[in-house]
Amino acid sequence: MGMESPLAAQDAERVARGLEWMEDITTQGQGAHEDAQALVYRPPRIVHPVPGYQWNGALGRAQALIRVPRSWNGKLVIGATPAVRSEFALDHLVSDIVLQRGYAYAACDKATPGLTLRDPARSMAEWEYVYVHLIEVAKRVLALRFAQVPLRTYVLGVSNGGYVARILAERHSDEIDGAVDWEGVHWDPDGPHLLKTLPAWIAGFAAYARADGAERNRLRDHLVALGLPGGAERHWAIYYQMYWLVTLWLYGRNLDPDWPTFALPWSNDWLHDLSALAAYPAEERASCIASRIRPIANTGHIGVPVLTVAGNWDCLLPFAYHQAAYAEKVAASGCARLHRLYEIDRGNHVDGLLRLNRGDEQPVFPYFEAAFTRLERWVERGEEPPPGGLYRTVDDLARGAELFADTNLEA
């Protein structure tokens, strides 16, 4: 355990005293938060109750939780939460699985839940420090209550949490042993980041939705050329309603607060008249945005193994712009040997989208869990994981591991 701050030591004393015994610390015993339910096609198997200790409360500005099974294996998993969701968001995707395998688990809401980032005085830069603090506190709590510093610490993150996992691997590799990121957001002031891609998609989709026949096909091809994945068209409308508009406004307001429309409060009218948001002049504002992106930008200079899994039908974070681009940055930094990129065929951004209409898509969740088992073997046994590339089934990635994620898609 590295040099810890006095605040971390103080918080750890408080948390250690506050750990409560529970007969089952999985979602089977406590119920599942809506944030956790929204992210899965099906929850993982829970083979048996996991008795243990839990604490949930404030760490600085963040809301955090720590869980320790009675049969603790001496290792720690940190859950880096997606979107702007709560500390419970990864209860199905991470907590339920790692608790059954004996890990202690800790997560937080990144201190920016909901619409917190609409305040330009707050920043995504906070996420790094909030998670470093969480890691320091969790390690200290385990030492205080269970007389052992974790033997290994892994970070598992999704989307915005995948970005956090990468930042920790880049800037704080002395605090962790490895990470798995599922579709991490790639922030690069010069790359095709969200504020550059979203305005064109919003405008292009509005025209596409109104058109038919040959014109609709032409507009569809235009959107694919702008980075949207072909094959996932039936999800474009859902992304437009649920992700594109509010993401552009929220992150635009935070990264470019001087642009007049971003300065306005959110309006549901934008769902019907998108012209105000779609008019964002990303290229003209590039220098303004870049100055605020640079402090949070990824470098790719990772100091521990990182495995990335991501679906190639992701309609928010296109594979080429956010996953392949990050892999290229890792390689350019001379760290390619520490990174694997697994492209999941017909995988979407959020498995929960598949519940209403799965079609021929596949959940990414099993690959995420399988990647974690590969990370363990790599770090703890020196067993190299499979090469990166396109994966159409989970079998090769999961070989030798029993998964809790449901892979029976025919039932």
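**View 1. Helix α9 in the lining of the largest pocket.** Helix α9 (residues 233-255) supplies six residues to the lining of the largest pocket, the largest share of that lining. The model shown here and in the other views is predicted. In total, 26 residues line the largest pocket, and its volume is about 480 Å³. Nearest the centre lie Ala83, Val84, Arg85, Tyr243 and Thr247. By class, the lining comprises 18 nonpolar, five polar and three charged residues. Domain 1 (6-186 + 298-398) and domain 2 (194-294) each contribute at least three residues to the lining of the largest pocket.

**View 2. The second largest pocket, between domain 1 and domain 2.** Of the 13 lining residues, Ile238, Met242, Gly352, Leu353 and Leu356 lie nearest the centre of the second largest pocket. The lining is made up of seven nonpolar, three polar and three charged residues.

**View 3. Packing of helix α5 (residues 125-146) with helix α6 (residues 160-171).** The axes of α5 and α6 are 10 Å apart and form an angle of about 70°. The two helices are therefore roughly perpendicular to each other. On the α5 side, the contact involves Trp127, Glu128, Tyr131, Val132 and Ile135. These meet Asn160, Tyr163, Val164, Ile167, Leu168 and Arg171 of α6. Eight nonpolar, one polar and two charged residues make up the contact of α5 with α6.

Technical notes:
Residues are numbered from 1 along each chain as its sequence is written. This is a predicted model: local features need pLDDT of at least 70, side-chain atom pairs count only at pLDDT 80 or more; totals for chains, interfaces and linings use all residues. Side-chain values use heavy atoms; hydrogens and water are left out. On a 1 Å grid over the protein atoms alone, a cavity is a set of points where a 1.4 Å probe fits but cannot get out, and a pocket is an open set with protein on both sides within 12 Å along at least five of seven lines; lining residues have an atom within 4 Å of a point. Grid points are joined across faces, edges and corners, and a volume is the space filled by probe spheres set on the points. Helices (H or I, at least four residues) and strands (E, at least two) are DSSP runs, numbered from the N terminus. Ala, Val, Leu, Ile, Met, Phe, Trp, Tyr, Cys and Pro count as nonpolar, Asp, Glu, Lys and Arg as charged, and the others, Gly among them, as polar. Domain bounds come from an automatic or database domain assignment. Axes are lines fitted to C-alpha atoms, for helices over the stretch in contact, and angles run from 0 to 180 degrees between N-to-C directions. Angles under 35 degrees count as roughly parallel, over 145 as roughly antiparallel, 65 to 115 as roughly perpendicular and the rest as oblique. Contact means heavy atoms within 4.5 Å.
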